[in-house]
Amino acid sequence: MKIDWASLGSVFGVSLVVTVALVALFTLGIAGLSRREQATAQGGSAPLAVTGAYACFAACAAAVAYGISLIVA
């Protein structure tokens, strides 16, 4: 049995980058929701922050769904 180390390294690199990107997107979503909380506490509203947060969460869900579809297919 021969292990293709270049391919294994490529898979590791891509999975690392995708994981960091998903964590960053989720963190941006949480930050957007916390800005909404701050704006609500001050008596205002933050529709742009909420829209951005929901967009980040939707992108995370889409990436997870795409990954599951790759595994299943």
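Reply: Start with the crossing of α1 and α2, which is left-handed (the near helix is turned anticlockwise from the far one by less than a right angle). Helices here are DSSP runs of H or I, at least four residues, numbered from the N terminus. Before going on, bear in mind that this is a predicted model, where local features need pLDDT of at least 70, side-chain atom pairs count only at pLDDT 80 or more, and totals for chains, interfaces and linings use all residues. Residues are numbered from 1 along each chain as its sequence is written, and side-chain values use heavy atoms, with hydrogens and water left out.

Helix α1 covers residues 5–41 and helix α2 residues 47–72; their axes come within 8 Å and cross at roughly 155°. Those axes are lines fitted to C-alpha atoms over the stretch in contact, with angles running from 0 to 180 degrees between N-to-C directions. That crossing makes α1 roughly antiparallel to α2 (angles over 145 degrees count as such).

As for who touches whom, the α1 side includes L22, L25, F26 and I30, and the α2 side includes V50, Y54, F57 and C60; contact means heavy atoms within 4.5 Å.

Between α1 and α2 there's a loop, and Q42 lies in it. Q42 is exposed, with a relative accessible area of 72% (exposed is over 50%, buried under 20%, partly exposed in between, using a 1.4 Å probe and protein chains only). The C-alpha atoms of Q42 and V20 are separated by 33 Å, with the two residues 22 apart along the chain.

Note on methods: Helix = DSSP H or I, 4+ residues; strand = E, 2+ residues; numbered from the N terminus. Parallel < 35°, antiparallel > 145°, perpendicular 65-115°, else oblique.
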